[in-house]
Amino acid sequence: MKIAIYPGTFDPITNGHIDVLERAIEIFDKVIVTVARNSAKNPMFSDDERVEIIKKVVKRYGKKVEVDSFSGLLVDYAKAKHAVAIVRGLRAISDFEYEFQMALMNRKLSKGVFTLYLMPHERYTYLNSSIVREIASLGGDISNFVPKYVARRLLQKTGSKKGK
Ligand code: COA
């Protein structure tokens, strides 16, 4: 059974993340989407909220996708889960330097786990979670960027009338 982990802050999960996840499902028997706890990013949604939101959104993939959270080193988590790969999305060249450093460092820390980069559809190149949060909090329409349930949760959080 080939298991991969897909780590991130997911504050919140977007259609771009889901695009990457769907590509990973094609390759691995199981993908564990895992939320980084205690993120230095000071997230809008708590650790537990982000896990709960992702669970709701990925339910349709059944047993192929599991949702979890982790703290500590990613490679230790990957080993504990018997994962053969860490999946990350690569949207644009601007992602490259940070991702390159992270992949090489993770390889140094643990030789057994490799990092696999998948490119989401180009329509998501400009998308990230902060921009979605900002648009939602300013009352913009985010319906093309996140699943309906996420849009609803953002609407509750920001109190914006148009964030649906
Ligand atoms: N579609 C849309 N947006 C995407 C995306 C995609 N396919 N892929 C990434 N993004 C966005 C995210 O929304 C996020 O946006 P934001 O900065 O506005 O929140 C940004 O790109 C990158 O975030 P994410 O993919 O969530 O990664 P991260 O940098 O927040 O998380 C960890 C990185 C958690 C994987 C990393 O810090 C880690 O491994 N931490 C554990 C500690 C550790 O092991 N450290 C040593 C690492 S060498």
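**Whole chain**

I am working from a predicted model. I first looked up the secondary structure and found six helices and five strands. I then read along the sequence and noted the pattern β-α-β-α-β-α-β-α-β-α-α.

I checked the radius of gyration next. The chain has 15 Å, which agrees with the value near 15 Å for a compact globule with 164 residues. Along the principal axes, the C-alpha atoms fill a box of roughly 50 × 35 × 30 Å.

I looked up burial and surface. Of the 164 residues, 49% count as buried. The accessible surface comes to about 9200 Å², and 54% of that belongs to carbon and sulfur atoms.

I also looked up contacts between residues at least 6 apart in sequence. Of these, 73% join residues at least 24 apart.

**Helix α5**

I went to α5, residues 129-137, and asked which of its residues are buried. They are S129, V132 and A136. Seen down the axis of α5, these buried residues fall within an arc of 60°, so they line one face of the helix. I noted the general rule beside this: an α-helix has 3.6 residues a turn, so residues three or four places apart point the same way.

I then looked for what covers the buried residues of α5, and the cover includes α1 (15-27) and α6 (148-158).

Last, I checked the two ends. N128 caps the N-terminal end of α5, with a side-chain oxygen 3.3 Å from the backbone nitrogen of S130. Just after α5, G139 takes a positive phi of about 85°.

Conventions
Residues are numbered from 1 along each chain as its sequence is written. This is a predicted model: local features need pLDDT of at least 70, side-chain atom pairs count only at pLDDT 80 or more; totals for chains, interfaces and linings use all residues. Side-chain values use heavy atoms; hydrogens and water are left out. Buried means under 20% relative accessible area, exposed over 50%, partly exposed in between (1.4 Å probe, protein chains only). Helices (H or I, at least four residues) and strands (E, at least two) are DSSP runs, numbered from the N terminus. The arc is that of the directions from the helix axis to the C-beta atoms. Contact means heavy atoms within 4.5 Å. A polar contact is a pair of N or O atoms within 3.5 Å; within protein, one must be able to donate a hydrogen and the other to accept it, and residues adjacent in sequence count only if both atoms are side-chain atoms. The radius of gyration is taken over C-alpha atoms; the globule rule is 2.2 Å times the number of residues to the power 0.38. Accessible areas come from the Shrake-Rupley method with a 1.4 Å probe; for residues, only the protein chains shown count as cover.
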